[in-house]
Amino acid sequence: MANGSEVVHGFPHLDTVRAAITALHKRLSYDGVRAYDSSVPPADVAFADGDDLHLGAQRVARALVRQLRLPEARMIVSFREMHHAASVELTAGPEYFIELNDRFRRHRRDIGAALAHEITHVLLHRLGLEFHGTRDNEILTDTVTTYLGAGWLLLDAYREDEVSSQKLGYLTPEEFGYVLAKRALVFGEDPSVWFTSPQGYTAYTKGREQALRDGRQPPLSAAGWNGRRRYAKDRRNAVENPGRPGHGSPYAFEHAPGGGLRVSFPCPTCHQRIRVPVRGRVRARCGLCRTVLECDT
């Protein structure tokens, strides 16, 4: 788990984050994702300065194992000097060994965040879900941690002022906010009440704005006037020259095998691509996450 001193902002990893959300839905299925309908409560992962270091770490680890629905997984937590924030030894189980940076002896409020990321590595190992390359695999881990209800801890561990900064994980603060907002839209949660970090709350609001924009892209009926106008122009051009519009729009037109025109676009919930005929108002249902979408094609 990375712990960088310079905090990057914005959405540089958004394509990989969206691919991770799709991969998670494919691996767990609709019912599997819905099983994580509640996030880990703050009380279950709270760590007071007076708590015993090792007993407290074990208690928080057990709460996160329950949250991530890991069966028969015992986490052995230790502390040592190391470059990274944390690491986990991935074996067949049933015991897993997690090492945390010695600095968490002094910053105990962030132990839950570090453990959440490492325990998600165990979950992904058991699921056989991974991306190619260390960077993308760590982005997958952060995304899954957050989407399954434990990653609000990682965003709450983000703090930054004029003289110092701290951020755990590989996603930017705004990307953590984006995934957290995606989850909140699916399960009807309000994670904003859990933040103790003002910077974490601000990053969540920025991520939420980006997540809401996903639901306002054409051909969705909720698209704004500018998007609808651009879409109509691209649709006219696609009648003679089908293909993805050159300006980077998420939708693409193609000729259907039996004639007529189709448009494909990402589901705003799980980002699986959906194809519908171009024939005005259409109601589509995502086959992966079962979201019903009102479209104006």
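# Lys182 and its surroundings

Student: Which residues does Lys182 touch, not counting residues up to four places away in sequence?
Tutor: Contact means heavy atoms within 4.5 Å. With residues up to four places away in sequence not counted, Lys182 touches Ile21, Tyr147, Ala211, Asp214, Pro268, Thr269 and His271.

Student: What kind of model is this?
Tutor: Residues are numbered from 1 along each chain as its sequence is written, and side-chain values use heavy atoms, with hydrogens and water left out. Local features need pLDDT of at least 70, side-chain atom pairs count only at pLDDT 80 or more, and totals for chains, interfaces and linings use all residues, since this is a predicted model.

Student: Is Lys182 buried or exposed?
Tutor: Buried means under 20% relative accessible area, exposed over 50%, and partly exposed in between (1.4 Å probe, protein chains only). Lys182 has a relative accessibility of 3%, so it counts as buried.

Student: In which helix does Lys182 lie?
Tutor: Helices (H or I, at least four residues) and strands (E, at least two) are DSSP runs, numbered from the N terminus. The helix with residues 173–187 is α7. Lys182 lies in helix α7.

Student: How many residues of α7 are buried?
Tutor: Helix α7 has 15 residues. The helix is mostly covered, and its buried residues number 13 of 15.

Student: What distance does α7 reach from its first C-alpha to its last?
Tutor: The expected span of a helix is 1.5 Å times one less than its number of residues. For α7 the expected value is 21 Å, and the reach of the helix is close to it. From first C-alpha to last, α7 reaches 21 Å.

Student: Which residue takes a positive phi just after α7?
Tutor: Helix α7 covers residues 173–187. Just after α7, a positive phi of about 70° is taken by Gly188.

Student: Which residues are linked with Lys182 in a network of salt bridges?
Tutor: A salt bridge is a side-chain nitrogen of Lys or Arg within 4 Å of a carboxyl oxygen of Asp or Glu. A search of the whole structure finds 13 salt bridges. The network holding Lys182 also includes Arg18 and Asp214.

Student: Which strands does the salt bridge between Glu99 and Arg80 link?
Tutor: The side chains of Glu99 and Arg80 meet at 2.8 Å, N to O. The two residues are 19 residues apart in distant parts of the chain, with Glu99 in strand β3 (residues 95–101) and Arg80 in strand β1 (residues 74–80). The strands linked are β3 and β1.

Student: Are Glu99 and Arg80 buried or partly exposed?
Tutor: The relative accessibility of Glu99 is 26%, which means partly exposed. Arg80, at 36%, also counts as partly exposed.

Student: Which residue forms a salt bridge with Arg275?
Tutor: The closest N and O atoms of this pair are 3.0 Å apart. The pair links distant parts of the chain, with Arg275 in strand β8 (residues 273–277) and its partner in strand β6 (residues 252–255), 21 residues apart. The partner of Arg275 is Glu254.

Student: How far apart are the closest N and O atoms of Arg135 and Asp136?
Tutor: Arg135 is partly exposed, with a relative accessible area of 43%, and Asp136 is partly exposed at 23%. The two residues form a salt bridge, and the separation of their closest N and O atoms is 2.4 Å.

Student: Which helix gives the largest share of the lining of the largest pocket?
Tutor: On a 1 Å grid over the protein atoms alone, a cavity is a set of points where a 1.4 Å probe fits but cannot get out, and a pocket is an open set with protein on both sides within 12 Å along at least five of seven lines; lining residues have an atom within 4 Å of a point. The largest pocket is lined by 16 residues, with Arg18, Asp214, Pro250, Pro266 and His271 nearest its centre. The largest share of this lining, 4 residues, comes from α1.

Student: About how much space lies in the largest cavity?
Tutor: Grid points are joined across faces, edges and corners, and a volume is the space filled by probe spheres set on the points. The count comes to 1 cavity of 30 Å³ or more. Its lining is formed by His25, Tyr30, Val33, Arg34, Tyr147, Val186, Thr269 and Cys289. The space in the largest cavity is about 40 Å³.
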